[in-house]
Amino acid sequence: MKFMKLGSRPDTFFTSEGVRSVSSEVSSDLIVQVKGNRYMLHKFPLLSKCLRLQRLCSECPESSPHQIVQLPDFPGGIEAFELCAKFCYGMTITVSALNIVSARCAAEYLQMTEDVEKGNLIYKLEVFFNSCVLHGWKDSIVTLQSTKAFSMWSEDLGITSRCIEAVAAKVLAHPSKVNLSHSYSRRGRDDVSSCNGTESHRYKPTNKGWWAEDLAELSIDLYWRTMIAIKSGGCIPSSLIGDALRIYASRWLPHVSRNMNFEKQVERDFETDSVGELTSKPRLLLESIVSLLPVERGAVSCSFLLKLLKAANILKASSSSKMELARRVGIQLEEATVGDLLIPSPWYTGDTIYDVDIVMTIVEQFMLQGQSPPTSPPRTKGHFYERRRRSRSAENVDFEFQESRRSSSASHSSKLKVAKLVDGYLQEIARDENLPMSKFTALAEAIPDFARLDHDDLYRAIDIYLKGHLDLNKSERKRICRVLDCKKLSMEACVHAAQNELLPLRVVVQVLFFEQARAAMSSGGHLTELPSNIKALLAAHHDPSRPPGSISTSKTVPADDQWSVSGLKSPKSNISTLRMKLAEDDDIDENFPNGIGKSSRIKSLCSLPNRPKKMFSKLWTINRSASEKN
């Protein structure tokens, strides 16, 4: 760190009975009071360089041997005043980046200008500041940090703006043109040299983001202004800007823990006022970081954006900041993990454990990306030679089309990833007893059908939710299972579902039906129509959104679906499961004509104690014989 020495006389200041004085043969004739501290000094050396003291002494008549001058609002305190006083006496003083701001503000307060004396303190400080301090990286950072204590004075004197410009210029410069001292690398030592000397151990930065950690020490207002200056230069890649913001956020924002009491975390990490409310400082910090985020996709990771969103909930950030973060997360949601999406609800709401609403907003934003796949470009009909004479613009059109197709393919694969992500998230939030069924189903239905190649993860989420919400009635259980497609369940999931007592009867029958359909397909059979008995069961439990007796899965099952009958491993359990559903369905016997109730139909099916496979096989045989006659 560079420094400047002024004066040659030794320091003769001393303290006696709480009063600072100068050892001299001449008795003092001036008492200066600075913020409760008293100095007994001499008029001649001070008034010859300080215009303000001249004016104050002329305004106060001499009523005693010691004239008293009050300086209650002196910038920089007693240290800065004593430095200026020593300069007036010609004593040796040392100025560096650590104290140049306070010294400059104090000299301005005392009006130590060239009009009073040539080569006065203001002039010397300005020369050192412009020629030495602003030329060094660490010196510029330290000086910029010290302006925080004298914000108004520093702004009026242009110290803050000049430091920001110097720092931004060094960041924007090519690394080969930037020389840094070891103080940059945080090795615990500072190089010291005089202003006109040579600074030892200088070297050049090796990585492009060498400046991010040093800037992370700045307060948020100075950091924001510095980053704006850097971004306006247009030379720094958005990825480096994103990395710098991530480093700054990790330095100042809390680590959000899933198991921590968020109210205690706020009290631990942030300042609160007398009634326990958050001060505006941490909220301003977060919103400033959000405003600095680069607009380019991928400049910051999805995980970092979701961490900011978690902090936004804790800090009661503005809704606009939350929506901006949600929009950015939605653009690159396929990069997230389930743990990233577990955003705690604001501790002051007392609602669900996790903020499901903001995740729903994120998913909706993601689904807005690439709504429709690109179509093939129209082929121009024309002469043979015209088709061969392809212009460069036509080639560009074809190139853009190919890029569009690749983008569409990436969008499709991204939706497959997001579907798995959402199903995993549903399994986590399903354990929350306070989670409304409407939010669960809305999030499950936000994923398009084609994005789920299988429904095993979705079935696990539904099963967890049903186990955690045993008070659901029959219609609510039907509603939550509506999104489930039994055709897309694996063999293991079908075995579990067929014995799941919490599922509606319609779902259990569908699972049994498709298990038998798998057996038929594996043996070379063809499924053309539902058996009449299964139709009756499904009609009795018809979905309100579908006409009675119909089912979306009544089409022919593709032959390439390698289904197996090994899923029906426990026929007794399957039949007993159907029996256990009878009690909840006794109220809808009137749906069957000729006075034959639904319960009696199920009982007749279940009366076959240990041979459900033969029962279903007979149904297939009757059905196939009827088809052949037709």
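Below is a short chat about the sheet, the core and the surface of a predicted model.

Reader: How many helices and strands does the protein have?
Author: There are 28 helices and eight strands in this predicted model.

Reader: Which strands form the open sheet, and in what order?
Author: Five strands form it, in the order 2-3-5-4-6, with mixed pairing.

Reader: Strand 2 and strand 3: parallel or antiparallel?
Author: Antiparallel, with four bridges between strand 2 (residues 13-16) and strand 3 (residues 19-22). Phe14 stands opposite Ser21 in that pairing.

Reader: How many residues are between strand 2 and strand 3 in the hairpin?
Author: Two. Glu17 is in the turn and has a positive phi of about 55°.

Reader: And strand 3 with strand 5, parallel or antiparallel?
Author: Parallel; three bridges join strand 3 to strand 5 (residues 37-41).

Reader: How many bridges join strand 4 to strand 6?
Author: Four, and strand 4 (residues 30-34) runs parallel to strand 6. Gln33 stands opposite Gln70 there.

Reader: Changing topic. How many residues are in the largest nonpolar core?
Author: It has 152 residues. Those with the most contacts inside it are Leu71, Met112, Trp211, Leu215, Met227, Leu333 and Leu443. Helix 14 (residues 302-314) gives the largest share of this core, nine residues.

Reader: Take Leu443. What is it in contact with?
Author: Setting aside neighbours within four places in sequence, Leu443 is in contact with Val356, Val359, Met360, Val363, Val422, Tyr425, Leu426 and Ile429.

Reader: What share of the protein is buried?
Author: Buried residues are 47% of the 630 residues.

Reader: And what share of the contacts comes from residues 24 or more positions apart?
Author: They account for 72% of the contacts with a separation of 6 or more.

Notes
Residues numbered from 1 in each chain as written. Predicted model: local features only at pLDDT ≥ 70, side-chain atom pairs only at ≥ 80, totals over all residues. Heavy atoms only, no water. Core = buried A, V, L, I, M, F, W, Y, C linked by side-chain atoms within 4.5 Å. Buried < 20%, exposed > 50% of the residue type's maximum accessible area, 1.4 Å probe, protein only. Contact = heavy atoms within 4.5 Å. Pairing = 2+ DSSP bridges.
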